[in-house]
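Colleague: I'm new to this one. Could you walk me through it?

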Amino acid sequence: MSSKLSVRSAVTVFDHVVSSFFVFSKNSRNFSRNFSSISSLLTNRSCAISQQTSACSRSLGGSLCQTTRFPFRSLPTARSFSAVRRPSKKKVRQPSNEEILADVEAKKQHASPKCIVTAFATAEQYNLATLTMAIQKQALYDIINVAEDVKNAVHVETKYPTSEEPRRAFFFKEGALVCWNIGNDEAAGILRMVREHEKGPYEHELVSLESESFLYRYYEGPSKVIGSEFLVSFTSSTLDKYAFSNALALSVKLAVWEKKLQRLQGAIVLLTEDLTAGRRISLDKEQVLQKMGELLALRHMINIGSDLLDSPDFYWERAKQENLFLSALKGLSVPKRTRVMNEKLNHCLELMELIKTHLSDQHHIRLEWMIIALITIEILFELLHYLI
């Protein structure tokens, strides 16, 4: 029974092997047939490609072959390099001097003619209340409000214009006057009117000597400062001119203070010469204290009583006008001049303090000699009383 089962299983395995062999041989014949067809197709394709490559190289000299069957760039030959031309650079023509001058003149035609703005420092302060009443009574100028938060200046504009550019003026509480497009005769009349409302007026020669004049004109761009000239935009408001005027007012005030310091320095130089020569100082202690008080008052006005070290509160919410104000101050060298003034004041105060100490020491020495003399006299009296 077991032998019959083993023979039957062997026959079954043999049948599977034979059927598998026939299937494999059939697939092998199909594979070889497919492989041969693919090989012949690849051979034909390579021949066609080589023919197209040679044709493109001969006709175009290595340029791009315009065919849909061969969309690749062929390798350039020695002949193709000689046939290819390099693209020529386009020459940019430089403008001549005449054209440049014509362009500059064309730009100037869009700008207005130049006018003059002049600033004066006439007093320590103005009484703006009485000054406003006097302007209204005179009836020659209209008072125009700059802004609601402007409390330190009065802005006026003439009622009878003589040109397209109106004549206007800014009166600052700090004792400065800025005139826009106002002639010398009219400015002199304004200065005479202001004299009645001044507190601590300056000398007339000092006012005229330390006045400053600058050019300004209108143009299409934004307002700015270029050198010693103000460029005012056609679309600018009165605030731009107020910012420029504020900077000019501080500049002329600083010029007056510089002149005062120069006078004080002249007196101090004489003291240093006396110290150098070993001579007796011509000033007493009270006079030295008076000079020190003048120097301290001047330093107080520069650093605390003015806006030379910091922008006013008016510009906190007006960045554009603040930039104009700061650029105008920089153009007028106000920050540098303020720094030099403070250095000079510190030097003068140190020197006056040294002189004060020297005078105090001399006074102490004098008192000591007086005490010694009194003691000596008392001793002599005692000796005489003892001998007698």
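Predicted model: local features only at pLDDT ≥ 70, side-chain atom pairs only at ≥ 80, totals over all residues.

Colleague: In which hand of crossing does α8 pass α10?

Modeller: Helices here are DSSP runs (H or I, at least four residues; strands are E, at least two), numbered from the N terminus. Helix α8 spans residues 285-303 and helix α10 residues 334-387. As α8 passes α10, the crossing is left-handed.

Colleague: Is α8 roughly parallel or antiparallel to α10?

Modeller: Their axes (lines fitted to C-alpha atoms over the stretch in contact) are 10 Å apart, and the packing angle is about 160 degrees, on a scale from 0 to 180 degrees between N-to-C directions. Angles under 35 degrees count as roughly parallel, over 145 as roughly antiparallel, 65 to 115 as roughly perpendicular and the rest as oblique. That angle therefore makes α8, relative to α10, roughly antiparallel.

Colleague: Which element gives the most to the lining of the largest pocket?

Modeller: A pocket is an open set of points on a 1 Å grid where a 1.4 Å probe fits, with protein on both sides within 12 Å along at least five of seven lines; lining residues have an atom within 4 Å of a point. This one holds about 340 Å³, and of its 16 lining residues the closest to the centre are Gln125, Lys173, Glu174, Gly305 and Ser306. Both β2 (123-126) and α7 (238-277) supply at least two lining residues. The top contributor, with 5 residues, is α7.

Colleague: And which element gives the largest share of the lining of the second largest pocket?

Modeller: That pocket has a volume of about 210 Å³. Its lining includes Arg280, Asp284, Leu359 and His363. The largest share, 5 residues, comes from α10.

Colleague: How many residues apart in sequence are the parts that Phe214 and Phe230 tie together?

Modeller: Their rings form a stacked pair (centres within 6.5 Å, planes under 30 degrees apart), at 5.9 Å centre to centre with 20 degrees between the planes. Phe214 lies in strand β8 and Phe230 in strand β10, so the pair ties together parts whose separation in sequence is 16 residues.

Notes
Residues numbered from 1 in each chain as written. Heavy atoms only, no water. Left-handed = near helix turned anticlockwise from the far one by under 90°. Points joined across faces, edges and corners; volume = space filled by probe spheres on them. Phe/Tyr/Trp six-rings, centres within 6.5 Å; stacked < 30°, edge-to-face > 60°.
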